[in-house]
Amino acid sequence: MNETWQITVDVVVGDDDGTAHAVLTKQDGQTVEGYGRARRNPDDEPHPEVGQELATARALRDLADRLLKATSDDLSKFEHQRIRLAR
């Protein structure tokens, strides 16, 4: 069985901060979302692309953590005991 899952990332970045919202959409329409934020140190020069990358990386990490949690919750139902998956 092969499936295609889609991930979209919306990024909003200014001179001082940035946010990212990542959404994984499964083939059946179910979604998992992750969020990330980046803030520039006031002593640093503005580099918006760095804020984009950092906010996106954090959103994808959050999405992965949420997907692992959903997976462990699903496994717990099948196993009738608490399952904890390592990162």
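Thr56 is found in helix α1, which spans residues 48–79; helices (H or I, at least four residues) and strands (E, at least two) are DSSP runs, numbered from the N terminus. The structure is a predicted model, in which local features need pLDDT of at least 70 and side-chain atom pairs count only at pLDDT 80 or more, whereas totals for chains, interfaces and linings use all residues. Residues are numbered from 1 along each chain as its sequence is written, and side-chain values use heavy atoms, with hydrogens and water left out.

Thr56 counts as buried because its relative accessibility is 18%, where buried means under 20% relative accessible area, exposed over 50%, and partly exposed in between (1.4 Å probe, protein chains only). Leaving aside residues up to four places away in sequence, Thr56 touches Val9, Val11 and Ala20, a contact being heavy atoms within 4.5 Å. The C-alpha atom of Thr56 is separated by 27 Å from that of Asn2, which is 54 residues away along the chain.

## The sheet and the helix across it

Three strands make an open sheet in the order β1-β2-β3, with antiparallel pairing; two strands pair if DSSP finds at least two bridges between them. The edge strands are β1 and β3, each of which pairs on one side only, and the twist averages 15° from one strand to the next. Helix α1 lies across β1, β2 and β3 and runs at about 145° to β3, with axes taken as lines fitted to C-alpha atoms, for helices over the stretch in contact, and angles running from 0 to 180 degrees between N-to-C directions.

Strands β1 and β2 pair over 8 bridges, and a hairpin joins them through 3 residues. Here Val11 stands opposite Ala20 in β2, while His21 in β2 is the bridge partner of Asp10. Between β2 (residues 17–25) and β3 there are 9 bridges, and Thr25 stands opposite Thr31 in β3. These two strands form a hairpin with 5 residues between them, and Gly29 in the turn has a positive phi of about 95°.

## Salt bridges

A search of the whole structure finds 4 salt bridges, each defined as a side-chain nitrogen of Lys or Arg within 4 Å of a carboxyl oxygen of Asp or Glu. One of them joins Asp17 and Arg37, with the closest N and O atoms 3.8 Å apart; this pair links distant parts of the chain, since Asp17 is in strand β2 and Arg37 in strand β3, 20 residues apart. Asp17 is partly exposed, with a relative accessible area of 34%, and Arg37 is partly exposed at 44%.

Within helix α1, the side chains of Asp62 and Arg66 meet in a salt bridge at 2.9 Å, N to O, and these residues lie 4 residues apart, about one turn of the helix. Asp73 forms a salt bridge with Lys69, the closest N and O atoms being 2.9 Å apart. Because Asp73 and Lys69 are 4 residues apart in helix α1, about one helical turn separates them.
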